Amino acid sequence: MRPLDAIEARIEALAASPDAAAAAAELLTLGEEVLEHWICAKDEAPTQAKKEGFRLLALHRQGAKDVPSFNACRETCRELVYHHNLIIMQPGHPETAKRLRMAGLVANHLYLFVRGKLEESQLGEFCCSSKPVRSDAAGDNIGEQRGI
Amino acid sequence: MNEVKNKPVAYYPGCALEGSGHSYDRSTRAVGKALGLDLVEVKDWNCCGAMEVKNIDPKLQTYLSSRVMSIASDDMGFDQVMAPCNGCYHNLKKAEYDLANDADSVAVTERLSEKAGHATYKAGGIETIHALDWIKDKIGEDGLQSRIKKSLNAVKIANYYGCMYTRPRHIFPEKDAGPGSESTSQPHFMDDLLAAAGAEIVEYPLKTACCGGAHTLSDSDTSTKLVINLLRAAEAAGADVIATECPTCHSGLEMHQVRAEKRFGVETSVKIVYFTQLLGLALGLSAREVGLHENISDSLGFFKEKGLA
């Protein structure tokens, strides 16, 4: 697992790679490494399992466990897999360079989102989690504690 | 259009549409008028509880949203309330879910409603819809197409839905419900409506990705970098315009587009426009009527060039 700064630099470097297939495969690996950072920060061991044939998706599922707001990057992970597949399965396609650039931007979004959450893990809870049925854990019912 | 489809709906603009998202309010009302759809603003509406209240006490947020639904249904007699803001839409949906599934939320809502002196909202009393649902359901693509006065055919659009329109999935039981319903993984209602207005819709893989709104005050650089990525991806996809349907996302894209240039020297030219503004232009409304002058993103010259303004 490379440091986050190294991952960021590598994602950028791969956008214009002449070997699109190799670059697409590495972008997927970089995405996995980004998610490994998140999972390690939660004191867990990153899974080696695959979901729908991709470790990236299994890692996302692991990262989102008990953190519903992490689902805000679910589609980003799926788009990275999709663009990887487009490049690998249609290597001679006239839009391969455009697809690789897009895969790089998708990977970069995953990196930025996870890095932001690593720095301020509670932020973002409003936008994509909502936690509809809360337990009575401390701090959950402040209104009630204040008698309103 | 039949009578049921023409039935007026309660309109809950929410606080953003009175401030930074005023052009969304203006264009939503103008498009409704142009399409013959009646909106009646919810009387004495209050904050939906986003975003601060929800993070501190989610049950208090549920109550605040329930009060809006109570006024719209119990006092005003509506069976649908339309919220164009993704935050309001999301929170009303969440409150509806909580009140149908969580006894504690029901108890808190009953107690606070009694204290505030209004009827307690009961789950199932009203249906919350988004502005996209409103136009899609009441008018539809065919109805819209027949009313278009200036096709958007010269405009390439990336549709950006943001994170709150589809997440979490369990509070949107009507989505992912088969043909014709909205998708939580690949939302398409905005794509459908703008395509019906003639626009060329580009593939945009970040349509539900994070806009960085949560970080905007505490870690502005992260927000700016996320927005730069969204803007670059739209441009790489060939878009002239990013269409939005959330005032938080819209403001974030606009403000961080400016900040990206000042802070990081990154220039992008893609325009940021509410989908209702685009529909309004297509329906023959003027740039002023849809509030283009209120946006930070200056798109007037672009639309003039395209013969739309």
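Author: A crossover is right-handed if, with the strands pointing away from the viewer, the path from the first strand over the helix to the second runs clockwise. We're looking at a predicted model, where local features need pLDDT of at least 70, side-chain atom pairs count only at pLDDT 80 or more, and totals for chains, interfaces and linings use all residues. Residues are numbered from 1 along each chain as its sequence is written, with chains lettered from A and ligands numbered from 1 in the order in which they are written.

Reader: Which elements make a β-α-β unit with β7(B), and of which hand?

Author: Strand β7(B), helix α10 (residues 247-264) and strand β8(B) make the unit, and the hand is right. So the path from β7(B) over α10 to β8(B) runs clockwise in that view. These names come from DSSP runs: helices are H or I with at least four residues, strands are E with at least two, and numbering starts at the N terminus.

Reader: How do you know that β7(B) and β8(B) pair?

Author: Pairing takes at least two DSSP bridges between two strands. Strand β7 (residues 241-244) has 4 bridges to β8(B), so the two count as paired, and they run parallel.

Reader: What makes the residues of β8 (residues 271-274) of chain B buried or exposed?

Author: The neighbour count: 20 or more other C-beta atoms (placed from the backbone) within 10 Å means buried, 12 or fewer exposed, and in between partly exposed. B:Lys271 and B:Val273 point one way, B:Ile272 and B:Tyr274 the other, and all are buried.

Reader: Which strands does β5(B) pair with?

Author: Strand β5 (residues 156-160) has 2 bridges to β6 (residues 200-201) and 4 bridges to β7(B), parallel in both cases. B:Ile157 is partnered by B:Ile201 in β6(B) and by B:Val241 in β7(B). From β5(B) the chain crosses through helix α8 (residues 189-196) to β6(B), another right-handed β-α-β crossover. Strand β5(B) is mostly covered, with 4 of its 5 residues buried.

Reader: Why are β2 and β4 of chain B called edge strands?

Author: The open sheet in question has 4 strands in the order β2-β1-β3-β4, with parallel pairing. Strands β2 (39-41) and β4 (127-129) each pair on one side only, so they are the edges. The twist averages 35° from one strand to the next, taken between axes fitted to C-alpha atoms, as N-to-C angles from 0 to 180 degrees. Inside the sheet, 2 bridges join β1 (residues 9-11) to β3 (residues 80-82), with B:Tyr11 partnered by B:Met82.

Reader: What makes domain 1 and domain 2 of chain B touch?

Author: Contact means C-beta atoms, placed from the backbone, within 7 Å. By that test, 21 residues of domain 1 meet 25 of domain 2. Helix α1(B) gives the largest share of the domain 1 side, 10 residues. The bounds, 9-129 and 141-305, come from the domain assignment, and the C-alpha centres are 24 Å apart.

Reader: What does chain A contain in the way of helices and strands?

Author: Chain A has 7 helices and 0 strands, and 43% of its 148 residues count as buried. In α3 (residues 55-64), the buried ones include A:Leu56, A:Leu59 and A:Gly63. Their cover includes α2 (20-41) and α4 (74-89) of chain A. Just after α3(A), A:Asp66 takes a positive phi of about 65°.

Conventions. Domain bounds come from an automatic or database domain assignment. Two residues are in contact if their C-beta atoms, placed from the backbone, lie within 7 Å.
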